[in-house]
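Hi,

Here is the structure I said I would pass along.

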Amino acid sequence: MKLLTCPMNGPRNIDEFQSFGPVRAKLDPNATADRDWSRHLFRAENRKGILVEWWRHVPSNYFFLAERDLVTNEIIRTFDASQLRDRA
Amino acid sequence: MPLRLLKYGLSRDYPVSGDIPATPELKPAYDVVIIGGGGHGLSCAHHLAKYHGIKSVAVLEKGYLAGGNTARNTTTIRSNYITPEGIAFYKEGVELFERLSQELDFNVMFSQRGQLTLAHTEATVRSFHMRAEMGRHMGTRTEVVDQKGVEELCPLLNMDYGGPLEILGGLWHADGGTARHDAVAWGYAAQASRRGVEIHQRTEVQGFEVAGDRVRAVKTNRGRVACGQVLIATGGMNYDVALMAGVELPIRCYPLQAMVTQPLKPWLHTLVSSVSLHTYLVQSSRGEVVIGGGSDPYQLYSTRSTLDMKEHLAEGAVHLFPFLQGVQLLRQWAGITDMTPDYSPIMGASPLANLWLDCGWGTWGFKATPVAGKRMAQTIAEGRVPDILKPFALERFETFRLLNEMGATAASH
């Protein structure tokens, strides 16, 4: 059983969570060319290394972020989405 | 030594040469460098040498021959997709499998036993009707069968009448089949090397020398190789390898896990697949039941197995065939799949003029081994993409002309 530490619910079985994929930068819909939309929609981060991604704790429907190593599968840290906003 | 054996030992035919020669020295240049010594790359090498007279070809393989996804897939061959472009392509793939043993002079143990996909909901039955109509229109043998039809095709199935997973019908694809995946790769490798193709195992590509819009050379752990044309066919490493050439593919990597049971007498005479249970089964010619399912739930570059996924597969398998409950598992494994957003591959040109792509094969690549190799060889030899491959171009994502095969792919390989 792999554990994922939810910022709200603490360490839980990773089965209780759903992955929502890499964090993507928001685009300005009024100033984005088709080409950039296509990139935004279809080219998600896939480099070997640390991925910042969305997760959801399904029973509590709480969305948060995790930094995870795409090669070793080590979960480096998890944090509330407000921290991403603060950082940006 | 028994004397009777001596006459064989002393004959001119002895020792029997191996099918695939040892890795030779790397030459400074080749007309075509194929990155990836799996089924697709070897198939392309074979077609280049046999049908296009291009023999200065090097296949570079990081590990050993066909040790990646070629050896990890669950050997399903079928063409019951939903887009006309997809069906046309995979149909040609099935036809090539039908005569592959003759083509390669190597028994790939192709068994065209048909694939039965099960519907547990009315919505799935409706989608099957669509796939059957499209399949018939494109000239494949695909039809919807009712409960009685399912029982006749696979009498040992648990129909779960009245239960939550009652089988309401099926999609019967008589063209579907299976073959021995290692033999496919070895057969292509043997044919290709007989015609002068060099297969370089333990040769890892570490970078590209790009000048303008062309790849001038490929850098490997065994030295630099100048190249006329380059093909990327590296399965789970496609994203990574393309990135070294500055090409960012719309690919995300997920592990796909599978397992086999101990050998049993032949009892499963079709390929069986359940969309709702995310489980499919095929009995190999050795008698082992190969069980596969959906990809892992999150991105990862790892071939580790997890108990969660194995439990899930076992649950699905035992639900469909309850008598499997006491059967032991023999092996388990995973491969890294390069998933595209629309569940169709990316074949054809790249932003670099002499770099070609045979990528995005996700969980559905084995069945296309002959046809992808044939068509990519044609592409490289003629320097232009044939019509049958055009819908699979990388540009489709920029023009929003996606080829959505998700419904005909997920967990029903």
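**What I found**

Of the 413 residues in chain B, 51% are buried. Keep in mind that this is a predicted model.

Starting with the overall build of chain B: there are eleven helices and 18 strands. Its radius of gyration comes out at 22 Å, close to the 22 Å from the globule rule for 413 residues, so chain B is as compact as a globular protein of that length. Along the principal axes, its C-alpha atoms fill a box of roughly 70 × 70 × 40 Å. If you take the contacts in chain B with a separation of 6 or more, 76% of them join residues 24 or more positions apart.

Now the inside. The largest nonpolar core has 85 residues, and B:Val33, B:Ile34, B:Ile35, B:Ala45, B:Val57, B:Val230 and B:Leu231 have the most contacts within it. Helix H8 (residues 181-194) of chain B supplies the largest share, six residues. Both domain 1 (26-111 + 177-250 + 340-413) and domain 2 (112-176 + 253-339) of chain B put at least three residues into this core. Another core, of 29 residues, lies apart from it and includes B:Leu118, B:Ala119, B:Ala132 and B:Ile167.

B:Val230 is worth a click: beyond its neighbours within four places in sequence, its contacts include B:Val33, B:Ile35, B:Asn354 and B:Trp356.

Then the interface: 13 residues of chain A are in contact with 18 residues of chain B. On the chain A side, helix H1 (residues 34-42) gives the most, with three residues. That side divides into five nonpolar, four polar and four charged residues.

Cheers

Conventions
Residues numbered from 1 in each chain as written. Chains lettered and ligands numbered in written order. Predicted model: local features only at pLDDT ≥ 70, side-chain atom pairs only at ≥ 80, totals over all residues. Contact = placed C-beta atoms within 7 Å. Helix = DSSP H or I, 4+ residues; strand = E, 2+ residues; numbered from the N terminus. Nonpolar A, V, L, I, M, F, W, Y, C, P; charged D, E, K, R; others polar. Core = buried A, V, L, I, M, F, W, Y, C linked by C-beta atoms within 7 Å. Buried ≥ 20, exposed ≤ 12 C-beta atoms within 10 Å, placed from the backbone. Domains from an automatic or database assignment. Rg over C-alpha atoms; globule rule 2.2 N^0.38 Å.
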